Amino acid sequence: MALEAYASRNPDTVHTDVLSEARQACYKARDAFYACLEKESNKAPTEIASVGLLYPSECKGSRAEFVKHCRASWVKHFDRQYCRNRRVQRLLDDKDSRRGPLTLPQPYTFKSPRV
């Protein structure tokens, strides 16, 4: 019963949005949108995308192309991936306070109890 929910209703149907040309168009639109985000990063974000991603209104056109060319699940995935990468980068670049050699705790020497 559960398998039927995942199976395609018509197994002979080819989903054109996963073919090579459509994937390439999706990736191109995705890259253009995220390049716009990087270029306009100094402006205040006013628009809301999926998964809490905020972007400036100057990138509205490239966002529309991105949503038009990609599946909704792919858009959500790419937005999550972008947010995660930005969060990690922000943690790594925390105003240079965490840069430099990594200091590890000194090894502790265990003394065997005398019996």
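Axes here are lines fitted to C-alpha atoms, for helices over the stretch in contact, and angles run from 0 to 180 degrees between N-to-C directions. The model is predicted.

Start with helix 2 (residues 20-39) and helix 4 (residues 72-92). Their axes lie 12 Å apart and pack at an angle of about 35°. The crossing of helix 2 and helix 4 is right-handed. Helix 2 brings Arg23, Cys26, Tyr27, Arg30, Tyr34, Leu37 and Glu38 to the contact. Helix 4 answers with Trp74, Phe78, Asp79, Tyr82 and Arg86. By class, the residues of this contact are seven nonpolar and five charged, with no polar ones.

Now turn to the largest pocket. It holds about 300 Å³ of space. Its lining counts 16 residues, and those closest to the pocket centre are Leu37, Leu53, Leu54, Tyr82 and Arg86. Helix 2, strand 2 (54-55) and helix 4 each give two or more residues to the lining. Helix 4 gives the most, with five residues. The lining of the largest pocket divides into eight nonpolar, six charged and two polar residues.

Last come the disulfides. A disulfide is a pair of cysteine sulfur atoms within 2.5 Å. By this rule there are two disulfides. One of them joins cysteine 26 and cysteine 70, with sulfur atoms 1.8 Å apart. The torsion about its S-S bond is about 110°, so this disulfide is right-handed. Cysteine 26 sits in helix 2, and cysteine 70 in the loop between helix 3 (60-69) and helix 4, so the pair ties together parts 44 residues apart in sequence.

Conventions
Residues numbered from 1 in each chain as written. Predicted model: local features only at pLDDT ≥ 70, side-chain atom pairs only at ≥ 80, totals over all residues. Heavy atoms only, no water. Helix = DSSP H or I, 4+ residues; strand = E, 2+ residues; numbered from the N terminus. Left-handed = near helix turned anticlockwise from the far one by under 90°. Contact = heavy atoms within 4.5 Å. Nonpolar A, V, L, I, M, F, W, Y, C, P; charged D, E, K, R; others polar. 1 Å grid on protein atoms, 1.4 Å probe; cavity = no way out; pocket = protein on both sides within 12 Å on 5 of 7 lines; lining within 4 Å. Points joined across faces, edges and corners; volume = space filled by probe spheres on them.
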